[in-house]
Amino acid sequence: MVRRPRRLLKNTAAEADQFRRRALLAFAGVVLALGGLSLWYFRLQVWQYDDYALRSEQNRVKLRPVVPGRGLVYDRKGRILADNVPAFRLEVTPNEAGDPKDWLPSLGRLVELSPEDVAEFQETRKVTRGFKPIPLKMRLTPDEVARFAVDRWRYPGVEVVSYLNRRYLYGSLFAHVIGYVGRVDAGDVEEMGEDIANFSHTGKTGLERSYEQALRGKIGFERVETNVDGRPLGVVGRVPATPGADLRLSIDLDLQRAIVAAFGDADGSAVAIDPKTGQVLAMVSKPSYDANLFVNGISHKDYNALLNDPSRPLYNRNVLGGGPPGSTVKPMVGLAGLDSGLRDADDKTLSTGEFFIPGQRRGYRDSHRGGHGWVDLRQSIAQSVNTYYYKLAMDMGIESFAKYMHRYGFGEKTGIDLLGENTGVVPSRDYKRSISTEPFYPGETVIAGIGQGYWIATALQLVRATAAIANRGDMHELRLVDARRDGYREPWHELPATASTLISDNPGHLRAVHEGMVMTVNGPRGTARAIGVGAPYTVAGKTGTAQRSSRKGNISHDPHSLPYHLRHTALFVGYAPAEDPTIAVAVVVEHGGYGGSAAAPVARAAFDAWLLGKMPEGVEDVALAAPPAATRPGAEAPADAPDEARTEATTPEPAQ
C-alpha cells in the first residue's frame, strides 16, 4: 500500500508576520530614498539655488560689451574734423568658435580676409581671454554681410556686429595733430590693461593717443538672451555706455589749409600760435599722410610706401624733429646779451665781413661779404649780422649762454599736449661731454651764437620764444585743445589757462629786440623786407638759414646751387600785427635755401589768412572734406542731415 506524503499545513500567522517585516523594510527603504531625494532637491533648490540659477542664467543670457561712441573733434569754429560712421565688422569668440583651422578657410570664402586681418586676429587672440570677442575683419561690405548671414549657423562664436568707425574728414591735413586710431593689439593690452580689449580701436598717435581716456568714454553692457544654439534672441537688460568727450581744438581749419597751400611742394613744418595764450592756431608737418589708412589696419603695400618715402611723411617734424635754428635764434641771443648786462641796446660792434678768435687764423664769415660796418642790436637783428653774435657768444661764455637759452624755452618741453615731444639740444659743455671726450672749443661757442653747431630746436620752441617777445616777455606753455564737453547737450568747458613764465623782467630790453624784428621786415636793409610789401599791417620777424654743408676755406656756396639733399634749411619766425600781436609763427622749409625767400612767404600767407581772411592760391586743392556724419547719441549732425543720422548707433540690435 502506497503511503501518501504528509501535507504541511500553512502557518498563515508566520507568513503574515514575515510579509509585514518585509513591507516595513521596503517602506523604510522607500522613505530613505525619498528622504535622500528630498534632501538633494532641497540642496539644489535652496542651498545652491543662487549658484545654479546663475549658471542657468549664464547659459540663457550672455553679457555683451557696449562700446561707446568715440568723442568728436572740432576746430575752433565748431567744424568737425574727426567723426564716426556706422559700419559692420566680423567678431570671433575663441571659446565658442574652436580651432581656427577648422573654420577659417571656409569663412575666407564668404568674407574676404587679407593676410593682415588673419595675422592681427591671431596676435590679439594670444593675449585676450577666450570668452571675449576679437575683431577678425573690419568694414564688411553689404555683400559680405549677406553671404555670411546665409551660412551663419555653420560658424558658432562668429558674429557680424555693427559699430562706429572713426573717420578723418580732412585726410592728411591734421594727421600730425589729431593722429589716428587703430585696432587694439597685444601692445595696447599690455600697456593699458585687460579692459582695453573690450574696445576694437584705441588712439595710436596725436591727440587720439594723448586724450585717449577722455575720447573713448566708458564701456557699457547688454544682457542678450540666446537660444540653445547660442544665437541671440533679444536684449533683456542694458547698462548704457558713456560716450567719449568731444574736444574743441584751438586750431583754425582755414589757417591750416592756407599754410599747407603756401608750402606748395616743399617739405617742412610750421606752427602758428596766439602769443597771449599759447593756444596753437595751426600746426603743419609736410609731407603728411591720410590718417584713414590706419583706422582698420593699413596694408603692407601702403605702409611700405609710406615707410620708404625719402620725405618721411610719417615723421612728425614739429614734435619729434628739430635742427639748428640758424639766425632765427639771434633775437633771443641778443636779449640774453642785454639781460646779462654784457650789452646795451645801443652798443655797437664792427662787422668787417669776417670774425677771428684771438690767436686763431680761421675766420668766421658774416652774412655780408664786405661786412655791415658798425651795428647796434636793432641793426644786427634786421640785417642778420653774424659778427655781432659771434662776439657776444664769446663774451658770454657757453655756460652763461646755455643758461639764458634754457630760460627762453630751448632745451625744454613746450607743454604741447602731444606725446613724445623732443626737448632739443642747447649747446653746452655737459651736452658735449655726453657725446664726446673732447673739450668744448671756442669755435663751437662762436657758432652757437648764430644758431649753428650742437643746436637742436623745434618749430614749437621757436614759435614759443618768439611769442614771448611779442607778449612782452610772458611765455606760455603750448596747447592744442581749447575745450571739452561730456555730452552733446552739455556746455563746453574751457580748459584752464596754460602756465606761463617771464623770460625777461626788463621791458626796455624786450622793446629793443622787438624793434629790431620790426626793422627786419620794414627796414630798408631788413632780410625779410620783401614780405612786408603791400601788407596793411606791420610784421615783426627774423629770417634764418641753417647750413647742411660747411664751406671750404673762404669759399661760400649759393644754397640753390648745391645738390638738393645738401641745400640749407630756410627758417622764419615772426608775429603780427607788431603793435598788438594776435598771431606768432615759426616756419621751417627743408632744402629751401634762404629764409627770406623760402620760409618768410609762407609766414606772410599765414598772416594774410588770419588777419585778412585772404587765402593763398592753390588752397582749393588742399584736403577738401567729405560731408560730416553724425555718429553717436548726441553727436552733432548738419542741419540738413536726415533724422536717422541723429539716432543712437552705439548699441545695435543683435546680428541675425
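**Stop 1: Two cis peptide bonds**

Select P287, which sits in the loop between strand 12 and helix 11 (300-307). The model is a predicted one. Look at the bond that joins K286 to P287: this peptide bond is cis, with omega about 0°. Next, select P577, in the loop between strand 22 and strand 23. Here the peptide bond from A576 to P577 is also cis, and its omega is near -20°. As background, most peptide bonds are trans.

**Stop 2**

Now display the strands of the open sheet, whose order is 12-11-23-22-21 with antiparallel pairing. Which strands form the edges? They are strand 12 (280-286) and strand 21 (540-546), each of which pairs on one side only. On average, neighbouring strands of this sheet are turned by 5° against each other, direction ignored. In general, the strands of a sheet pair through backbone hydrogen bonds.

Zoom in on strand 11 (residues 268-273) and strand 23 (residues 583-589), an antiparallel pair with six bridges. Within this pair, select A272 and find V585 of strand 23 opposite.

**Stop 3: Two residues with positive phi**

Select S384, in the loop between helix 13 (377-383) and helix 14 (386-396). Although S384 is not a glycine, its phi is positive, about 55°. Is S384 buried or exposed? S384 is buried, because its relative accessible area is 6%.

Move to R472, in the loop between helix 18 (459-470) and strand 17 (474-476). R472 is likewise not a glycine and has a positive phi of about 60°. With a relative accessible area of 65%, R472 is exposed.

**Stop 4: L502**

From R472, proceed to L502, whose contacts include R472 as well as R407, G473 and D474. L502 belongs to strand 20 (residues 500-502) and counts as exposed at 51% relative accessibility.

**Stop 5: E444**

Finally, select E444 in helix 17 (residues 442-448). The side chain of E444 reaches the backbone nitrogen of Y441 at 2.9 Å. E444 also touches K432, P439 and Y454. E444 counts as buried, because its relative accessibility is 16% and the limit for buried is under 20%.

How values were computed:
Residues are numbered from 1 along each chain as its sequence is written. This is a predicted model: local features need pLDDT of at least 70, side-chain atom pairs count only at pLDDT 80 or more; totals for chains, interfaces and linings use all residues. Side-chain values use heavy atoms; hydrogens and water are left out. Helices (H or I, at least four residues) and strands (E, at least two) are DSSP runs, numbered from the N terminus. Buried means under 20% relative accessible area, exposed over 50%, partly exposed in between (1.4 Å probe, protein chains only). A polar contact is a pair of N or O atoms within 3.5 Å; within protein, one must be able to donate a hydrogen and the other to accept it, and residues adjacent in sequence count only if both atoms are side-chain atoms. Contact means heavy atoms within 4.5 Å. Two strands pair if DSSP finds at least two bridges between them. Axes are lines fitted to C-alpha atoms, for helices over the stretch in contact, and angles run from 0 to 180 degrees between N-to-C directions. Lists of a residue's contacts leave out its neighbours within four places in sequence.
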